[in-house]
Amino acid sequence: MLDGEIAYFRTEVGRAFADTLARNEGVPEGAIADLVRRGPFVHLDEAGIDFIIRELEASFTVTQRSGAVISKGHRPWLAAKKSSLDFYYWTRLRKFYLETGTLPSTVLATLDADTDQVLDLCGDPKASAVGAVRGMVMGNVQSGKTTNYSALICKAADAGYRVIILLAGITNSLRMQTQERIDETFIGRVSAFAAAAQQSLPIQNYATTRRIPSYGTSRDADFSSGRDGIYFGLTGHQEPMIFVTKKNKSVLERLETWIEKQSETGGYDLPLLLIDDEADNASINTAKDPNRTTAINGVIRGILHRFPRSVYVGYTATPFANIFIDPDTTEAMKNHDLFPANFIKALDPPSNYVGSHRVFRQDGNLRGGMVRVIDDYKTLLPLNHKSGDAVTALPESLRHAIRVFCISRASRVLQGKGRAHCSMMINVSRFNSIQEKVLGLVYEYITELKDAISVHAALPPNEIDDEVMDDLRISYEREFADETAAWPELLGVLNEGVLSIEVKTVNMRGGQLDYSRNREHGLHVIAIGGLALSRGLTLEGLTVSYLLRNTAASDTLMQMARWFGYRPGYEQICRLYLPKISLDHYEYVDEATEELRSEVKRMMDSKRTPADFGLKVRQSELALRVTAANKMRTAQELTIAQDYSAKHVEGHALLNDAESADTNRKAVETLLAAVGQPTDEQPGYALWRKVDAIHIEALLRSFRFGNHTDLAPLSDRSLFQDYVLDRSGDELSHWDIAIPNRKTSANDSFAGLQIGMRERDQGTVQYGTYRVYGSRNRVADPGDAWIDLSKAQISLAEQAIADEVYRRERAACSVRERPLLLIHIFKASLTDDPDSPSDDVLKIPNPVVTLSFCMPETGKPSKARIYQVNAVYRQQLEMFAEPDDDEELLNGDQDAG
């Protein structure tokens, strides 16, 4: 639709704003509309003009920055040799992206710069002095990692890398999807063995000559030496040779065996680039069967070691890659053969990326419109269930979500995108049997909707008398009344929108989503699944997601977030339905993940190494929870060094009993009696400055917290106690203390002080622990971390925020001269939110007392200790363990999947 006109205007915009785009800046607001309206196409009506403007603005108003990188021992080479290299494959791909509008020109410019940098870090493939290189590229879920490594593959082939192996996940559907992308961006034709005719792909049209890389895998077949269609060894091909394989022991062993035979013809002398697209935390069964992961990595190492010139680049969507957090010690991490000792590159997503910062943060611009908390699933589809449980009906929230998907299809038709791919994801169980039962119920309901629409949608709205149509209208009014076209207009295309909707299960037993074969008319699908939907698979045109999974494990959570990605022109109609507990976990994981992403930039500025970053990941709170939880299945002790530099550690969990509460109050009263009258009193807080650390140590010995990974004792002491004790003789020798309170009144008294007591009414009680804000790990107000900062300190903190070195609270902590102990005194009550149930009443009498700690930045490394972990601490870690993998995953060869 209007492809020729769009192509014309794309060229005109690129010419008119070449300088602006070269600076990686978006085209000024309104400029594209002016250019299109002055265009030469007199046949365009207003709808056509608006359509073209929307399409162009989706491309030319996007910006993207190049991300940070840290490296060790790198010697640049690419700049000096670039003019002598024939970048055939990259030039072809660049023209394809640019002229088809697949990527905005600013994003393409950043892709070019980023992949140049990664290629340079990989080393010169023709330099005999360069041996093994190990690196990592860190992106975001669904942010374009595949696009990045496709470009890297093209440039690596141009530079002289002759053997390229791409490990494309763990499922057949993901491997096939990745193979299709490599066909489209690098190979240039449909990869098939013994095909009667070779099917060329559009990228071939963007080069004056035709060159085809060799390939050892196809869309239909992973590597299998008996039917691989490879007629020559590695040295028998003039072009580079690529293999796209699953990260599976049997497949990789077959490939390794075939490679072993290449020594006879000099195949080992060729430079190798191995890209691992499954480098995230929790490669399959790390929790249950660590030996299996060791075996897979052993084969990978074996392949790498056969090539004197080998490069390994792991791509990960999260900083919590298993190479950082799985090894038992820091030394074991550094010495691991796949550790990215040479470089770590962080990719910044483009400005149009729909990521966790836009969806889950309190100020995220998509959160209010996109996220819907649900609570009606508990009887019909409980979070904890077994494979044999009955599923007799769908929750009304799921039926509503299906109706919303039908309406979103109609909206896309009105946008002129009726033939674009459009998907809905339903991820409610890891069990195949439950997925099949849900499939049947969803199929019944979508059929009921289709039948009602075919009969009634063509009638005038005031003549429609049907309950199903009434439900559709009510769903429209709840979700879209201000977001899309009017209801009568949507009715006119509703039948066209829903007629093509299919319902499929996608799991290891089958049900692949073949978007490539439905490119002309689009695949419109409701996909029901578990792991296969949670690990790397891209759901094209995903508009509605419905999630019911019981996990707090960070990697599993983020991998399930298939709704991240790019939604040009239809962000406003995307919806996500999930329980409140999942929403709270996503908020927490987003914060922890972004802290570590920022760490790459801080370390680049201070010229640190990948080993320093790996240590930082290992010492982060979230990594501790996941790693400790997984290892507790088989170990009685943990070696931990926890880092609290520039962090606010909040005592959000207390034991729910009156005796412990009384102990805590007395401990705080003893402290306040020892330190005397406040140094300063301001509206909003009382303050004591330069208090000797001995008083803080005494308080920590006496105060009793509930389930808290930092503040509850592992054995004799907590992680935080040991951190403080290690520094009490120097950088934490003196503390400030503050009691924050309400500014409006000071009518309450505590320990002889007049304060304005705050209120906390969002609490929950579960398993003997009172959590002040339920599943949110908070107790303080947002401004508490800024108490008593000087103007100079505030200026430094604000600069750190502007430079994206720290987010607000950590920025405030980082500039402190001394640590700040916050004593929180408040009136507590439990929430009446049915999504956050309690299993007991609150047994702590008011006022409730707890603590939090604002820790300044430190350059002193944390000291590792071996902890004999007690039973209580082991129990509280269980919720953070990676769940057992979906039942359909097979040990050994997974080709049957």
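A residue is called buried if its relative accessible area is under 20%, exposed if over 50%, and partly exposed in between, using a 1.4 Å probe and protein chains only. By that rule Phe703, at 5% relative accessibility, counts as buried.

The model is predicted: local features need pLDDT of at least 70, side-chain atom pairs count only at pLDDT 80 or more, and totals for chains, interfaces and linings use all residues. Residues are numbered from 1 along each chain as its sequence is written, and side-chain values use heavy atoms, with hydrogens and water left out.

**Helix α7**

Helices (H or I, at least four residues) and strands (E, at least two) are DSSP runs, numbered from the N terminus. Helix α7 covers residues 105-122. The expected span of a helix is 1.5 Å times one less than its number of residues.

**Aromatic rings**

Rings of Phe, Tyr and Trp (its six-membered ring) pair if their centres lie within 6.5 Å; planes under 30 degrees apart count as stacked, over 60 as edge-to-face and the rest as tilted. The count by this rule is 20 aromatic pairs. In one of them, Tyr149 and Tyr315 have ring centres 5.3 Å apart and planes at 80°, so the pair is edge-to-face. Tyr149 belongs to helix α8 (residues 145-159) and Tyr315 to strand β7 (residues 310-316), so this pair ties together parts that are 166 residues apart in sequence. Tyr149 is buried, with a relative accessible area of 0%, and Tyr315 is buried, also with 0%.

The rings of Phe703 and Phe705 have centres 4.8 Å apart and planes at 40°, so that pair is tilted. Phe705 counts as buried at 7% relative accessibility. Elsewhere, ring pairs join Tyr644, Phe720, Tyr723, Trp735 and Phe853 into a cluster.

A charge sits over a ring if NZ of Lys or CZ of Arg is within 6 Å of the ring centre and within 35 degrees of the ring normal. Arg727 lies over the face of Tyr723, 3.8 Å from the ring centre. The charged end of Lys155 sits over the ring of Trp90, at 4.5 Å from its centre.

**Salt bridges**

Side chains of opposite charge can pair when their charged atoms come close. A salt bridge is a side-chain nitrogen of Lys or Arg within 4 Å of a carboxyl oxygen of Asp or Glu. This rule gives 53 salt bridges, including those in the table.

| Residues | N to O distance |
|---|---|
| Asp114 and Lys345 | 3.1 Å |
| Arg211 and Glu239 | 3.0 Å |
| Arg717 and Asp722 | 2.6 Å |

Asp114 and Lys345 form a salt bridge that links distant parts of the chain: Asp114 is in helix α7 and Lys345 in strand β8 (residues 343-346), 231 residues apart. Both Asp114 and Lys345 are buried.

Arg211 and Glu239 also meet in a salt bridge. Arg211 lies in the loop between α9 (172-187) and β4 (214-215), and Glu239 in the loop between β4 and β5 (241-245), so the pair ties together parts that are 28 residues apart in sequence. Arg211 is partly exposed at 24% relative accessibility, whereas Glu239 is buried at 17%.

Arg717 is partly exposed at 35% relative accessibility, and Asp722 is buried at 3%. Finally, salt bridges link Lys82, Asp112, Asp116 and Lys155 in a network.
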